[in-house]
Amino acid sequence: MRVEPGQLKAFLLDAGLVTKEKFEKALKKAEKTEQKVGDVLISEGLITQEELIKLEAYILGVPFVNLEKEIISPEVLKLIPEPIARSHNIVAFRKKGKTLEVAMLDPEDLRMIEFIKKTANLKILPRLTTPGSIKNVLRQYQKTLEAEFGEIIRKEAGEIIPIKEEEIVEEKEELKKVAKELPVIRIVDTLLKHAILQRASDIHIEPTEKEVMIRYRIDGILHDAMVLPKQASSGIVARIKVLSDLKLDEHRLPQDGRFKIETEEYRYSLRVSILPVFGGEKIVMRLLPEEAKVLTLEGLGLRGEALEKILINLRKPAGKILITGPTGCGKTTSLYAMLEILNTPAVNISTIEDPIEYRIPRINQTQVNPKIGLTFASGLRTLVRQDPDIIMVGEIRDNETAGLAINAALTGHLVLSTLHTTNAAGAVPRLIDMKAEPFLISSTLNCILAQRLVRKFCKEKEKYNLSESEIKNLERYCNLNRILQILKEEKIVKKNQTFKDIEFFRPKSSKECPEGYKGRIGIFEILPITETIKELIVKRATSDQIQAQAQKEGMRTMIEDGFVKAAQGITSIEEILRVIIE
């Protein structure tokens, strides 16, 4: 079952899909790069993958099927185990008597067909399909969280997988007994697997009076995932403490730990926080993908003039760049994106972080460890003796770190860091509160970037125009005349249009995205430290005075940047107001 290049050429030319010259050129490239000629034709944009598969199916006399919207029965699906289906892109989709129809991408994978024939003891009928079809069927292997948990909890005691005795060092007999009442290992594994599949950033396990509530934070919003029986609580806590190497018999004090999970598909580092609460212990686990690619500033949502301002300040050899915003607004991700730009062989970059969220080659990253005295302040003292050109401090938390960061910037280093303030202008009074001298702040600070994360629309969205009452309500939160002027400058709206004429969008629910959103993007305000802003800093001006002056000089606020993205159809006005008003 192999399509020879000569056969493919004849059929492509006959169908008028490519010219003889283009095919010959693709064939030479395929031979040179040791690829299939079909793959080269797709990469060159000469034909689509679906056209190629349909043509191969026709040449080989194998039927083509499209399963992109098909629901496969679980009985048929499990005839090919999930690991084999994923690794070989082959799925079972229909069974009639002693025959089984399987869809595949590679018609040459005869060995796999023979293997399935032997294990299933059925006659196999191969069919060719698209990658989208395979993806749709593979998604169906994952049971819902409720179904999977129901199955686990219904298992008889004989099937329970106990925690290994050697893992339990300080556990008392009573706790051991509770840990084995439910198959806790499978429960915790299932919780983690579903959180990763749903792109959750955090898992919350919360004991209540009668049950255990499981919640996932997805795209910044907490969603109820599952309710478990109260008796599961002790076992889950014990299992997570075992994984995180924490004290099992300590229930009165908070504990922090970490552990890793690895499969063929993903590698995650989990940061665990356990807090005693009324009724038990609450667990929050932060999921950090170890293989996550660092995003670019453009990918984060910085565009045009805002991006240019950041790039100008990154080119400066010394000074300080601050990123501000509440917890979970993507400050660390923005820091990493900046480091990626600065990361060249000509400079030495050192960081002090808590935690190290992404590993970046060629950058010297240090993890804070207060238990042994390695704090941001002590780490920063050592970093300046490491001959750095660029220093990244994960967060300025105290007076000592603030002073050391300013001194590092004064002595010729470029310092990047984060601070918890609601807007860009608020960073200056915050530094003064940390006993930093205003004249030192003004002479070292290059720019301040404030940000929030808003959810992006999924594929589908609904158009609408604002009503009079909606416009009136929006005026309470922002200057609509200024926003309209910005939209005209950006050429998003025409010169004669008003707010009533602008098309905005609402999320549209779909099977893939029930709430109509998928993924997040940043909204930003960038405050460059100009001469007038420096004067205000030295005079100990309020954040409102600094903000007003920056806006006079052309600074766009986060809400204004948000409205630009809303008018472009990236997100909704409701999302912008949600993150700003919070």
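Glu 460 has a relative accessibility of 42%, so Glu 460 counts as partly exposed. This is a predicted model. Glu 460 takes part in a salt bridge with Lys 508. The count of salt bridges comes to 26.

**Salt bridge Glu 460 to Lys 508**
- The closest N and O atoms of Glu 460 and Lys 508 are 3.5 Å apart.
- Glu 460 sits in the loop between strand E15 (445-457) and strand E16 (461-465), and Lys 508 in the loop between strand E17 (503-507) and strand E18 (517-528), so the bridge ties together parts 48 residues apart in sequence.
- Lys 508 is partly exposed too, with a relative accessible area of 33%.

**Salt bridge Lys 500 to Glu 468**
- The side chains of Lys 500 and Glu 468 meet at 2.3 Å, N to O.
- This pair links distant parts of the chain, 32 residues apart.
- Lys 500 is in the loop between helix H21 (480-489) and E17, while Glu 468 is in helix H20 (residues 468-474).
- Lys 500 is partly exposed, at 42% relative accessibility.
- Glu 468 has a relative accessible area of 51%; the cut-off for exposed is over 50%, so Glu 468 is exposed.

**Salt bridge within a helix**
- Glu 305 and Lys 309 form a salt bridge of 3.7 Å, N to O.
- Both lie in helix H14 (residues 304-314), and because they are four residues apart, about one helical turn separates them.
- Glu 305 is exposed, with 56% relative accessibility.

**A salt-bridge network**
- Salt bridges link Arg 455, Glu 515, Glu 575 and Arg 578 in a network.

**Helices H1 and H2**
- Helix H1 (residues 5-15) and helix H2 (residues 20-33) have axes that come within 10 Å and cross at roughly 155°.
- The cut-off for roughly antiparallel is over 145 degrees, so H1 and H2 are roughly antiparallel to each other.
- Their crossing is right-handed.
- H1 brings Pro 5, Leu 8, Lys 9, Leu 12 and Leu 13 to the contact, and H2 brings Lys 20, Phe 23, Glu 24 and Leu 27.
- By class, this contact has six nonpolar, three charged and no polar residues.

**Helices H22 and H23**
- The axes of helix H22 (residues 531-538) and helix H23 (residues 543-552) come within 10 Å and cross at roughly 170°.
- H22 and H23 are therefore roughly antiparallel to each other.
- Thr 532, Ile 533, Leu 536 and Ile 537 of H22 meet Gln 545, Ile 546, Gln 549 and Ala 550 of H23.
- The contact of H22 with H23 has five nonpolar, three polar and no charged residues.

Definitions and conventions. Residues numbered from 1 in each chain as written. Predicted model: local features only at pLDDT ≥ 70, side-chain atom pairs only at ≥ 80, totals over all residues. Heavy atoms only, no water. Axes fitted to C-alpha atoms, helices over the stretch in contact; angles between N-to-C directions. Helix = DSSP H or I, 4+ residues; strand = E, 2+ residues; numbered from the N terminus. Parallel < 35°, antiparallel > 145°, perpendicular 65-115°, else oblique. Left-handed = near helix turned anticlockwise from the far one by under 90°. Contact = heavy atoms within 4.5 Å. Nonpolar A, V, L, I, M, F, W, Y, C, P; charged D, E, K, R; others polar. Salt bridge = Lys/Arg side-chain N within 4 Å of Asp/Glu carboxyl O. Buried < 20%, exposed > 50% of the residue type's maximum accessible area, 1.4 Å probe, protein only.
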